[in-house]
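Visitor: Please take a close look at the aromatic pairing here. Then set it in the context of the whole chain.

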Amino acid sequence: VACAEEAMELRESGISNRMVLLEGVFEPAELELAAEQRLDIVVHNAQQIDWLNTARLSRPLNAWLKVDTGMHRLGFAPEELAQCFRELRANRNIAEIVVMTHFARADEPEQSMTGEQLARFRSGLEGVDAPRCIANSAAAMAWPEAHGDWIRPGIMLYGASPIGQPDLQARLKPVMTFEAGLIAIRDLAPGESIGYGARFTCERPTRVGVVAAGYAD
């Protein structure tokens with residue numbers, strides 16, 4: 001889940017499975033909440049390590065140590081990984097440690113960036129003995145060398161493929177449908193445009209239906 005609020009919604013509905021806060025904690029107080037609710041936390045910056053160093057928690061937390069191998073959103077540089085791992089391993093508030101990263105272009109198997117990110121990830125692993133979590137949906141499907149010990153499937157859980165390859169899409173089964181009603185039907189002449197920016201222009205007489213979906217859906 002993205003944040004503690006999402007985790008609490010699941011806990012309150014009776015879900016007791018292991019959960020990971022993918023953005024980590026946003027303030028020190030959330031560390032005790034994570035401990036009480038048995039939530040794993042992603043650790044992706046030095047401030048979060050500082051908070052863990054001074055916290056007094058009711059139980060130790062499982063930490064997912066994030067490495068920035070090229071996505072450039074969250075995580076430590078590969079050359080910082082070993083030191084951060086040692087700090088967490090010595091911390092009384094930490095139980096299990098998983099090392100993770102995230103791909104930017106795994107849905108484009110023809111691109112070299114995923115291989116380059118894998119190489120950067122491996123370069124930082126010297127002296128680090130921990131389970132590895134690397135693959136998102138696209139990497140789980142197209143990059144077997146990135147499977148590691150854990151994978152993080154997202155969109156493929158719904159039966160949708162992040163990769164435009166028919167053979168991979170055929171191996172997935174959609175698990176849900178999205179339906180909404182028409183709230184208007186109108187007939188437009190050639191040359192009339194539709195919507196913001198007039199992005200679509202009718203080339204022939206066209207019957208258009210307006211669906212009650214999109215805003216806030």
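Guide: The accessible surface of the chain is about 13000 Å², and carbon and sulfur atoms hold 51% of that area. Areas follow the Shrake-Rupley method with a 1.4 Å probe; for residues, only the protein chains shown count as cover.

This is a predicted model, where local features need pLDDT of at least 70, side-chain atom pairs count only at pLDDT 80 or more, and totals for chains, interfaces and linings use all residues. Numbering runs from 1 along each chain as its sequence is written, and side-chain values use heavy atoms, without hydrogens and water.

Now the pair. A search of the whole structure finds one aromatic pair. The ring centres of Trp64 and Trp150 are 5.1 Å apart and the planes stand at 65 degrees, so the pair is edge-to-face. The cut-offs: rings of Phe, Tyr and Trp (its six-membered ring) pair with centres within 6.5 Å; planes under 30 degrees apart are stacked, over 60 edge-to-face, the rest tilted. The pair links distant parts of the chain, 86 residues apart: Trp64 lies in strand β3 (residues 61-66), Trp150 in strand β6 (residues 150-151). Strands (E, at least two residues) and helices (H or I, at least four) are DSSP runs, numbered from the N terminus.

Cover differs across the pair. Trp64 is buried, at 4% relative accessibility. Trp150 is partly exposed, at 32%. Buried means under 20% relative accessible area, exposed over 50%, partly exposed in between (1.4 Å probe, protein chains only).

Now the setting. Seven helices and 10 strands make up the secondary structure of the chain. Of its 217 residues, 38% are buried.
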